[in-house]
Amino acid sequence: MEKEFKSKGAPPRVTALVVAAEARPISLTEGGRARLAIPIREEPNSHRSAEEQKVDGITRRSAMKFMGATMALASGLAACVRKPPRKVISRTSQPEYNHPGQALYYSSTWTDGPFPYGMLVKVQDGRPIKLDGNPDHPINKGTSSAAMQGSLLSLYDPERLRAPKGAASWAAADQQVRGALKTAKKAVLVTRATIGPSERRAISDLRSVYPALRHVVYEPLADETRRSVWRELHGQDGEWLPRFEWASVVLAIECDFLGTDGVELESIQSFSGTRVAETADDTISRLYVVEGGLSLTGTNADHRIRLRPSLAASFVRALRDAVDERTPIDAFAAANDLDAKLLGALVGDLKENRGKAVVVAGAGLPKAAHAATALLNRSLDAFNKTLEWNPQPAGLIANSKAEIEALVEDGVDVLITLGVDVVHSWSAFAKHLSAAKLSVGHGLYLDSTLSACELRLPSHHVLESWNDARPRVGIISLCQPVIMPLYDTRQEAESLLAWASEAPDAAPHTRFRDFLKARLEAEELEVGPGMEVAWETALHQGVILGPTNAFVPAELDVPRAEALAATPLQAGAYELVLTPHSSVWDGRFGLNAWLLEVPDPVTKLMWDNAACMSASTAKRLSVETGYLVKLSTPDGSVELPALVQPGLADGVIMTALGMGRAYASAPDEVFGTNTWPLIPSEGRVQFDISVSPTGEETSLVRSQSEFSMHSRPIVLEATLGEFRANLEAIQEKRSKEHGEPIYEPFKYGGGHKWEMAIDLARCVGCNACVIACQAENNIAIVGKEECGNGREMHWMRIDQYRDPVSHDEDELSFHHQPMLCQQCDYAPCENVCPVNATNHDDEGLNSMVYNRCIGTRYCANNCPYKVRRFNFFNFQKRFVEDPVQKLLFNPQVTVRQIGVMEKCTFCVQRIKGAEFEAARTGSEMSDGVVRTACQQACPASAISFGDVNLRAPAGPAEVAVKQQSARSFLVLEELRVRPNVTYLARLRNEAGEEAPAPKKQAEERGDE
Amino acid sequence: MKNLFTRRFDRLVRLAVTVLGGALVFGVGFSLYALWPSNQAVGYEPVQPVPFSHKRMAGDNKIPCLYCHDGAERGPVAGLPTVEVCMNCHTYVQPKDKQGNLTPGMQALFEYVDPATNKPTKPIVWEKIHDLSDFAYFDHSRHTVGARLPCADCHGPVETMDQVYQVNSLKMGWCLDCHTKPPEPWRTDGRATRGPTQCTSCHR
Amino acid sequence: MNKPIVEVGTVGLVDDLSGTIPSKPKLGDKLLEGKQEKVGVVGLFDDPHALVKAAEKVRDAGWKQWDCHTPFPVHGLDAAMGLGWSKLPTIALSLGFTGAALALLMQYWMSAVSYPVHIGGKPLFSWPAFVPITFEMFVLFTAAGTVLTGLWMCKLGRWHSPLHDSGVMAEVSSSRFALVLSAKDELWSDGARSLLDEAGCTDVRDLFEDVDDGRIL
Amino acid sequence: MSARPVTTEDLLPFPLVPEGTTAKDIDDAVSLPMESFPTRRWWIAFSFSLGLLLIFSVNVTITVSQGIGTWGVNNPVGWGFAIVNLVFWIGIGHAGTLISAILFLFRQHWRTAIARFAEAMTLFAVLCAVQFPVLHTGRPWLAIYWMVPYPNHNNLWTNFRSPLEWDVFAISTYGTVSFLFWFLGLIPDLALARDRAKHPLRKFIYGLLSLGWNGSNRAWSHYERAYGLFAAIATPLVLSVHSVISFDFAASIVPGWHTTIFPPYFVAGAILSGFAMVTLVVVLLRKMFNLQHLVTESHLEVMNKIMLATALMVGYAYASEFFVAWYSGVLYEKYVFLNRAMGPYAWGYWSMVTCNVFVPQLLWFKKFRRNPWLMVPIVILVNVGMWFERFVIIVTSLHRDYLPAAWGMYHPTWVDAGLLVGSFGLFFTLVLLFVRFLPTIAVSELKGAVLQKHAGAHHE
């Protein structure tokens, strides 16, 4: 079994050489053991040790003499079972700060994603093993998203393109490109929108060398519709950033600001901060969501209003009229049979909270809706109060397909794509690539775009690259490589430089760094001679913060806005809402197994996307979950399985973009359906589509099949009013333990007692914790089929429950509950393990000893929370045996073999690491010195973890305080298993109870 | 046919039973002994790529262990000296034999060093001697700094070995011996009387 | 079917599976190896109750070295032979209780002394959970004890028997009831035969046993 | 003339054998299968069983080499067919010990003719049973010895609080005791086989096995004590074993498992299924070897009566489970039982009730109790039903327990099916070998019961 556990880590080992067993003398005396009894106080080379030598020498030699034959046999036998000899490699010279077995952290920037977040990379023995948010980064403040965590996996992806294809070498490739560019009449360079300032500079330099070169930005999911409206109405480019922490009333229209719309990490932090009430005079913000689809934001709403997206614009106009007291909302409500009372309450809230309310419209909506929203926000006095103007959005202005089409249709000489898989989202682009005299693809994988290119150039992974980013005005975020390139790859910017000048690449991998550094020195920092220090500091911090004075844009052009808002709109029987995929976004992470396997927070689909529709729509189409339906739009048609998803507006189909990507090497291994053919030219909503069942059926894999709580005490909830009227409201709902144990319960010492608290009022159900846990704990990927067999391995899962709010089965309120091992004091799993493989340690942890486990699965049966996971197959085999993929593993956590049970242990490796550190330095452990992976990632800071026995001054720990909260409860408390994870109930802020009070908001602002 | 069941028959059966039983007992006992983990690990003495004598270095020259294995007080891994560390001294100290040739050890070392610049060229690939299972997490500093144990307690009198061999089984039972009933001084000098025996201390 | 067996020292030969010896040696046949000596006399009955009666007589006559051989346990024969109550259960049960005690001790030592591990918040010596194993070990030890003492008391594990040598074993194990008077008994005399005749057995024969040459192979 | 000793005649519900049956008749009848070349019937049955056994070994290989992912088990249903089969086979075994031990203590001499079958069955059933708990572990190569508290260099011991650990002791004890009991009974009959044997090798083997038994009454007196004592300890043992098996469930906190009714409920079920199996085997064997005059319809009838009784007990248990679930008012219990009767596995539940409670009611009719060909379908159905009982208990309780979010379904695979079917191969192969080479009826005991009476009769 040792063999299976090999890849605990340490530097990659030489395992080729094997030493014959006979070469190994074997001693009869376990001398060491005998000698230990004699206390050794002196350091080595004492006289005692000297005579030891004789004794030992004699025994060893004599042993070999008279036990010769037997020993040979014995060692022969021994050789059969002794693990093979291993090698240790000593470095030639010691890199600075770098000590074997100890981790280093580097700040960097995650430039892969739709928005550049600050990143902190954990590197051990030269290999990145964990990504987290950079605490010094002003936007994500140390938090991270599932996609960001997932980037680690793609670094070690064996399918990565490992050398230039289509050219003998980089030099040859550069030669070819330069040659082509020189002679080109028309050359086009296609990039993503979120490229850093230095990359932009590199591009402009390149264009100055080759005037024929045009730069187009292809970002199909860019915020372009909304941004263009603002540009038009304010007469300048920029974006309105919602400041949820200052808003008492939030109205989201088809806008998933907690999921896929905007800077979600920031939104989650600021929004969830306004959802916590502990005392009777606390208040919380109120979230209205008006949508046709069902977004993660929608599941967190206090009130959901199901409205077809075609009505969004007129709804907002009606709302504005009501707010400005021109015409009451009732007419609109009646016309579209909506709950007039609820809409009335909404209008009331908005009116009372002028300056403290914000309305956000989804990026997918058409211009009219955004114009109307702008006007409403103006009426609500939201501009520059709950909305903040950012004149420098992170991304460039994206070109529309039409523009690009117009540019390339009559053929180009050179067509270059940099780090963007155009063909996946725009299949027609392939023919332009093939039409070009020279087509160059620069990317991580041999994906649909690269395989259509003549010259296929492998890119660095973000963790191998130098880069910078300007997420927002006044912030420069730096990206530095944390590992030498694994393959013969080169980052895109490096290529740009190489193509710009004939000069041979003197310093590979540092050329762009110098370029970047020079640009910083020239443009961003006024440091003069102090540049080196400034540079070091900047790299260390990961960010350079400039002046952050508030920017006020030009006044809104009301007449134009009104004209725009009034644009009429034809809608048909069925409307289609296309959303970015919750984890693979536009498909750029569509080859990342972690992100494919993590269940969608709303639909709980794994490895798949589907046409979601409300129950009544499904009835109308007479389809059920799993039936294939054909969606036909003017832009194209696609067949994909239907998913009955209660909560959508009737007549609305919702599906995620970005799925259905495949490696060129395995074109058949496609997961989900590529829905890009359905994307309209503007926005992401098709207002008139036809839907027809094909009559075929397929199976969808979901991590959860039952969403009703069956009135069990699992998630407790109260309305804010209820809670403020009676602070004991939650406590009274708690289920009571019954029955006394026949035993005297075990007494813990006064030492550490590790416990966790999860605040459901903050948790929004994003998957950051799930993937963070997977990355930290070497959790296996099992694949779609095994997920279908109910064998997914996620230690942490997010359970979703749905409560009906009316008789209509589509009117629901949702609960998200992160569920992980509860580390019960009276753990039922421990009692039933025949070999003590799971037991309790002195610090209240329910430890799981993988190497002792024989896999009876009795513990899993007996776990009321069903958080234990079993290795039904040798899931890790692929990773353990691949020299590259095994680098991914966290050396602090055992890699589990087939037939072994596993589960969350509160990141015990981090706990022990911290304890040893404290013991080594003789320091006290303060609260927060140990943070679990899920806690560290959580953008809502919903998770607190610590030592409840921590006394003042260091204590009490945050977790201990939270346990005292009036909202605290335990799941399935009456079972008397004494879980050590305390949940804090979510409060629903129901309209009409009382208007949110402003004063709390003021404090909130102070806190920020 | 004669009657089978005579006294001789009885004697034969008893003989057979005794012989078979004896064989069984011996077989089981012997394989147990041969396969007993401590019998496989103790005394393991592989030939190293560089004939480096701990006796000379730690014994005769009294170089402290931590000079080369500096990780032992800093973290989990004691670590091996980098070739640079070797050259710290051997740039100046280059023992020769009577014929004036470099000693075998030095010659082996120079395999890894550019003689012109004395700069390391390639890493040394040593044979691992003290090799714990990958699922056992041992932290050197916890024992050297935390419990203030001398290296020899586990590694034996290395300063007396020309070629290092393993003196202790380093098996779990052996660890527990010390963690549960530590030798005299630990119990008397008022420091922690025993090491942890909970699984999480070593297995994660 | 069987004639009286030839006298000591004469030569007979074997032709019958049951190992009995016909009266007249046939020339040219294979010689009988070894000799036989008379070790007692055996009386055969067809009716168990007759055997019981005979046994009572023999018992009353004060014989010690004698035994009955029957195809099945005959009611009242133990009494008739004056056998006491078997000690076997006492021995076996005491072994059983030892087993139970050992089991409990083992569980205590392993889970509370040798390597204490905290399980489900239960005390280290959570005795109620240790009951089942204690009980099972009681049963196991009793069973083992029964078999071992049984083998020993029934003198099993010795295969030779004069009944084989004299070829009455087959009849006994099938349907007949034998009463054997051993020549070792001090009451032994030629009168022994008549004692059996009086006891009304259908057929009385001398009981012979092969002379043992002490060889192993 | 002493008072006529009490004979078994007085205790017999019916004559064990036809009038005038002599000892030789019995010897011949019983020894026939051992001494004659097997019949065609035997060969057919044997090759069929061997075929099943092959299926078993193939699926064992698949399981061990690829892992139990090849089974239907998953999260939340961690236990599937394997444990169902374990409980099923252990249950089958119980009739054997019951007949040989409990009926012996109650002086039910009619058991004589079938006791040997039954004991052998116990042994083979236990053998089948133990395959599964070992196979179903994730790492059988370790489980097989880590479950035993042997001294090791890690100072690690087993967890004596775990019902699985109790199983290790209970089942191994049960197996050992059953074997010793069976062998003890065999000794005198082996002696008979020895003395009847013609071929020296047979004589040698039987002789060796009979340990030199010579029918000495001094031995008989101890032998009978030993046998009685064995019966006395086997009785609580057999009850304890299935109780311990039931603790695997009762000692957990899974709704539908965590209930105090399980020990008696499991024992009753075990006896029901066990008797069904004995009846089946006996009916087939008496036909195969023409033992009708030794194992008579009357034997079958008594067994059927016991089956009827236990079927009623089992039915009562089913009913009371529901009552308790409702009366306890525990949310989860209530749901589990509703789910059993109306949920996705209702078919399993209702086939269980039909086979175990309704079908046996036919045994109220004498015709069904006495006519072998009428009772065979019944006993087969009862075994099916008892298998389903364990399936229902294990799967329906696990697949929907506390957190609805973690609910799931269980779909067995071909490997599961192969192991189940294959285990019958193992069982019947052993049974057929047994009847071929060993005395299938306790001859000495039967003679004791019959001849003693005859003798007594003509003695009067």
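Is A:Asn390 buried or exposed, and what is its relative accessible area? In this predicted model, local features need pLDDT of at least 70, side-chain atom pairs count only at pLDDT 80 or more, and totals for chains, interfaces and linings use all residues. Residues are numbered from 1 along each chain as its sequence is written, chains are lettered from A and ligands numbered from 1 in the order in which they are written, and side-chain values use heavy atoms, with hydrogens and water left out.

A:Asn390 has a relative accessible area of 1% and is buried (under 20%, with exposed over 50% and partly exposed in between; 1.4 Å probe, protein chains only). The residue belongs to strand E12 (residues 387-390) of chain A; strands are DSSP runs of at least two residues, numbered from the N terminus. A polar atom of the A:Asn390 side chain lies 3.0 Å from the backbone nitrogen of A:Gln392, and one lies 3.3 Å from the backbone nitrogen of A:Val473. With residues up to four places away in sequence not counted, A:Asn390 touches A:Gly238, A:Glu239, A:Leu241, A:Pro471, A:Arg472 and A:Val473 (heavy atoms within 4.5 Å).

In strand E26 (residues 754-759) of chain A, six of the six residues are buried, so the strand is largely enclosed by the rest of the structure. A:Trp754, A:Met756 and A:Ile758 cover one side, and A:Glu755, A:Ala757 and A:Asp759 the other. E26(A) pairs (at least two DSSP bridges between strands) with E33 (residues 943-947) of chain A in the antiparallel sense over five bridges, where A:Ala757 stands opposite A:Ser944. E26(A) runs parallel to strand E35 (residues 981-984) of chain A, joined by four bridges, and A:Ile758 stands opposite A:Tyr983.

Key:
A polar contact is a pair of N or O atoms within 3.5 Å; within protein, one must be able to donate a hydrogen and the other to accept it, and residues adjacent in sequence count only if both atoms are side-chain atoms.
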